[in-house]
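This report describes the fold, the nonpolar cores, the aromatic pairs and selected backbone features of one protein. The sequence and the structure are shown first.

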Amino acid sequence: MTTLASRTTVVGALRERALKFAERVAVPLSTPLVPSDYLDLIDPLRFGTDLRGRIVAINPETRDAATLVIRPGRGWLPHEPGQYVRIGVDVDGVRQWRAYSLTSKGHRRDGCFTVTVKAIPDGVVSNHLVRRATVGSVVHLDQPAGDFVLGDRPPAKLLFLTAGSGITPVMGMLRNLAELCHRAGVADPDVVVVHSAPTPDDVIFGWELRMLAREGRIRLVEKHTDTHGMLDVARVDDLVDDIAERQTWACGPAGLLDAVEQRWAAAGIADQLHIERFRPTLISAGEGGTVTFAKTGSVVEADGSQTLLDAGESAGVLMPSGCRMGICFGCVVPLRQGAVRDLRNGAVTTASAGEDNVQIQTCVSAAAGACELDL
């Protein structure tokens, strides 16, 4: 028999679910929307919109690293092992973009890809993805990019020299190596992996790397800094006595990579070295700022309420435009670096120098600090 208390519990649960649904729908509807925004609520991964992906799983790797399984929207292109993808997430009202190495096989049956993120101290995006992101969250994506790859024909002898999260692009290569060799019609190469981390438990993909070593597919050299001290690149010959015969891929902290570059140059084998550097992004958003138009060389000061389209036209820059209402996308240009704010909803988008350009609409965006446009 259903009791009054149980009915009350059921009603309360239904009311809570209804309130959560209303909140999810009401928040985006509380700001001015364009037609595409309504479609975003229904199908954010649809073809023809900005590329997005949905997190379908989050798998812990170490105490401060996790692998995100992401299902990309239609239009996603295959990647080469070792490449990275730029991921955009909204954190406290600011859209932040960071680059993360792709760690999955190039062609998964489920159509997903993976990135493995290590949370770093004061890392806004990395901590958000590792500690706060949830299954079902939608992230913004760029297409895969980067030339830290093995190429179509892997060499006969390889050395991977990594530290910390520098192992992530290398794991992408290792997971795809057999398929690459099969397609190229070459034998599996002689692979040495030298990896540095504070402790055995801090080695990202530690279990998988050690399994590959036990199977004889790689020779693994682990250096644990808490007990062995920092990896001494000057004495790397003690670990690998034939580095001159190996193509080397190195990824990790700047100090390690600087030492590797100097060591390989001194040995006269700099042409055998391939390096991937992770660049930190430090951008502070504000109200208004200096707008630089890279191609024309024009520079203008704009306040936080003036659109970039108006700022450019006032400086005599030939600006692409259309409806001037944010609907037709005729004003879209690349943001090379800096921060801009969407005047419709206050969302801030950032881009870092040297990274892939982020597309913005100049007719509905204003400077949120110094910024540079590809015009």
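In which strand is alanine 57 found? Alanine 57 belongs to strand 1 (residues 52–62), where strands (E, at least two residues) and helices (H or I, at least four) are DSSP runs numbered from the N terminus.

## Basis of the description

The structure is a predicted model, in which local features need pLDDT of at least 70 and side-chain atom pairs count only at pLDDT 80 or more, while totals for chains, interfaces and linings use all residues. Residues are numbered from 1 along each chain as its sequence is written, and side-chain values use heavy atoms, with hydrogens and water left out.

## Overall architecture

The protein contains eight helices and 17 strands. Of its 375 residues, 46% are buried; buried denotes under 20% relative accessible area, exposed over 50%, and partly exposed the range in between (1.4 Å probe, protein chains only).

Contact means heavy atoms within 4.5 Å. Among the contacts in the protein with a separation of 6 or more, 68% involve residues 24 or more positions apart. Alanine 57 and threonine 114 are 57 residues apart in sequence, and their C-alpha atoms are 9.4 Å apart in space.

## Helix 5 and its surroundings

Helix 5 spans residues 206–214, and its residues Gly206, Leu209 and Leu212 are buried. Seen down the axis of helix 5, these buried residues fall within an arc of 130°, so they line one face of the helix; the arc is that of the directions from the helix axis to the C-beta atoms. Trp207 and Arg214, on the other side of helix 5, are exposed.

The cover over the buried residues of helix 5 includes helix 4 (167–184) and strand 9 (219–224). Leucine 209 touches Ile167, Met171, Leu174, Val203, Ile204, Ile218 and Leu220, not counting residues up to four places away in sequence.

## Nonpolar cores

A nonpolar core is a set of buried Ala, Val, Leu, Ile, Met, Phe, Trp, Tyr and Cys residues joined through side-chain atoms within 4.5 Å. The largest one has 25 residues, and those with the most contacts inside it are Leu150, Phe160, Leu174, Val191, Val193, Leu209 and Ile218. At least two residues of this core come from each of strand 7 (157–163), helix 4, strand 8 (190–197), helix 5 and strand 10 (247–251). Helix 4 supplies the largest share, eight residues. A second, separate core of 23 residues includes Val317, Met319, Val358 and Ile360.

## Aromatic pairs

Rings of Phe, Tyr and Trp (its six-membered ring) pair if their centres lie within 6.5 Å; planes under 30 degrees apart count as stacked, over 60 as edge-to-face and the rest as tilted. By this rule there are two aromatic pairs. Tryptophan 76 and phenylalanine 113 form a stacked pair, at 4.4 Å centre to centre and 15° between the planes. This pair links distant parts of the chain, 37 residues apart: tryptophan 76 lies in the loop between strand 2 (65–72) and strand 3 (84–91), and phenylalanine 113 in strand 5 (residues 113–118). Tryptophan 76 counts as buried because its relative accessibility is 17%, and phenylalanine 113 counts as buried at 1%.

Phenylalanine 160 and tryptophan 249 form a tilted pair, with 6.1 Å centre to centre and 50° between the planes. Here phenylalanine 160 in strand 7 and tryptophan 249 in strand 10 are 89 residues apart. Both phenylalanine 160 and tryptophan 249 are buried.

## Positive phi values

Most residues other than glycine have a negative phi. Phenylalanine 205, in the loop between strand 8 and helix 5, has a positive phi near 65°. Phenylalanine 205 is buried, with a relative accessible area of 4%.

Phenylalanine 329 also has a positive phi, of about 65°, and lies in the loop between helix 8 (308–314) and strand 14 (332–342). Phenylalanine 329 counts as partly exposed because its relative accessibility is 40%. Just after helix 5, glycine 216 takes a positive phi of about 80°.
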